[in-house]
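The following explanation concerns a single protein model and the side-chain interactions found within it. Please keep the sequence and the coordinates at hand while reading.

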Amino acid sequence: LVTGVQTCALPISSVTITPEADALVNSYSPGSNYGFQEELRVDRGADESFLRFDLAARIPTGATIERVTFKTTAYTGFAWGGDGTVYTYLVEDDTWAEDSINWNNRPSVSGESLGSWWLWYDYSDYTVRVGEHSTDEMTAAVQSQLNQDGLLSVRLHSPGYRTNYRAREYADASMRPRLEVTYRDC
């Protein structure tokens, strides 16, 4: 018998969480807002995309996060050369607003990448592909943010390629960004 160790015998639950806010920001139009478009984009550091998820609305307080898979649906892009990886970074400041975020006022990222994916496109390619990752870093970030204010903000960035993704405003809900979260409520 081990004392002081708490185990959770409750079954694992699963939930899919879509963003409550998302927007792309563009360095060529640094004061412009693109928060209500149907598209998110990353492009060689000139375009970045921000997403915020309301974890507390879908996951009970005190839950233990078992696994998180972050998915975004791409529909086109272009391989400029260099590092085409799309990196996900934690954004600690959740106060940005979808209708006012721009390049000039975008919040900074915190720490190393939470995960990444690589999708290759050329100009004539409109194939739907899903960028996704499921990492220990992403799981830890979701747990930490759930325990703090219940909100998770992330930034998508690619130093080499352009990739266009569907945003939360896109008509087909199955193509919107999402977190697939498994957890135990204990």
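The model is predicted, so local features need pLDDT of at least 70 and side-chain atom pairs count only at pLDDT 80 or more, while totals for chains, interfaces and linings use all residues. Residues are numbered from 1 along each chain as its sequence is written, and side-chain values use heavy atoms, with hydrogens and water left out.

In soluble globular proteins, nonpolar side chains tend to be buried together. A nonpolar core is here a set of buried Ala, Val, Leu, Ile, Met, Phe, Trp, Tyr and Cys residues joined through side-chain atoms within 4.5 Å; buried means under 20% relative accessible area, exposed over 50%, and partly exposed in between, with a 1.4 Å probe and protein chains only. The largest nonpolar core has 31 residues, of which Phe53, Leu55, Ile59, Phe70, Leu152, Leu179 and Val181 touch the most other members. Apart from this core lies another, of eight residues, including Ala21, Val91, Trp96 and Trp103. Within the largest core, Leu179 may be followed through its contacts (heavy atoms within 4.5 Å). Beyond its neighbours within four places in sequence, Leu179 is in contact with Val15, Thr16, Ile17, Phe53, Leu55, Val68, Thr69, Phe70, Met138 and Leu152.

Aromatic rings come next. Rings of Phe, Tyr and Trp (its six-membered ring) pair if their centres lie within 6.5 Å, and planes under 30 degrees apart count as stacked, over 60 as edge-to-face and the rest as tilted. The structure holds seven aromatic pairs. Why is the pair of Phe53 and Phe70 edge-to-face? The ring centres of Phe53 and Phe70 are 6.1 Å apart and the planes stand at 90°, so the pair counts as edge-to-face. This pair links distant parts of the chain, with Phe53 in strand 4 and Phe70 in strand 5, 17 residues apart; strands (E, at least two residues) and helices (H or I, at least four) are DSSP runs numbered from the N terminus. Phe53 is buried at 0% relative accessibility, and Phe70 is buried with a relative accessible area of 0%. Tyr87 and Tyr89 form a tilted pair, 6.4 Å centre to centre with 40° between the planes. Tyr87 is partly exposed at 21%, whereas Tyr89 is buried at 16%. Ring pairs also link Phe53, Phe70, Trp117 and Tyr165 into a cluster.

Side chains of opposite charge can pair when their charged atoms come close. With a salt bridge taken as a side-chain nitrogen of Lys or Arg within 4 Å of a carboxyl oxygen of Asp or Glu, the structure holds twelve salt bridges. Glu48 and Arg106 form one of them, their closest N and O atoms being 3.1 Å apart. That pair links distant parts of the chain: Glu48 lies in strand 4 (residues 47-54) and Arg106 in the loop between strand 6 (86-91) and strand 7 (110-117), 58 residues apart. Glu48 is buried, at 3% relative accessible area, whereas Arg106 is partly exposed at 28%. Arg106 also lies over the face of Trp103, at 3.6 Å from the ring centre; a charge sits over a ring if NZ of Lys or CZ of Arg is within 6 Å of the ring centre and within 35 degrees of the ring normal. Glu180 and Lys71 meet in a further salt bridge, at 3.3 Å from N to O. Here Glu180 belongs to strand 11 (residues 178-184) and Lys71 to strand 5 (residues 64-79), 109 residues apart.

Two sites complete the account. Ser153, in strand 9 (residues 151-157), is buried with a relative accessible area of 0%. A polar contact of 3.1 Å joins the side chains of Ser153 and Trp96, the term denoting a pair of N or O atoms within 3.5 Å; within protein, one must be able to donate a hydrogen and the other to accept it, and residues adjacent in sequence count only if both atoms are side-chain atoms. Pro159 is placed in the loop between strand 9 and strand 10 (161-166) and is partly exposed at 40% relative accessibility. Not counting residues up to four places away in sequence, Pro159 touches Arg44, Asp83, Thr85 and Tyr87. Arg44, in the loop between strand 3 (39-43) and strand 4, has a positive phi near 45°.
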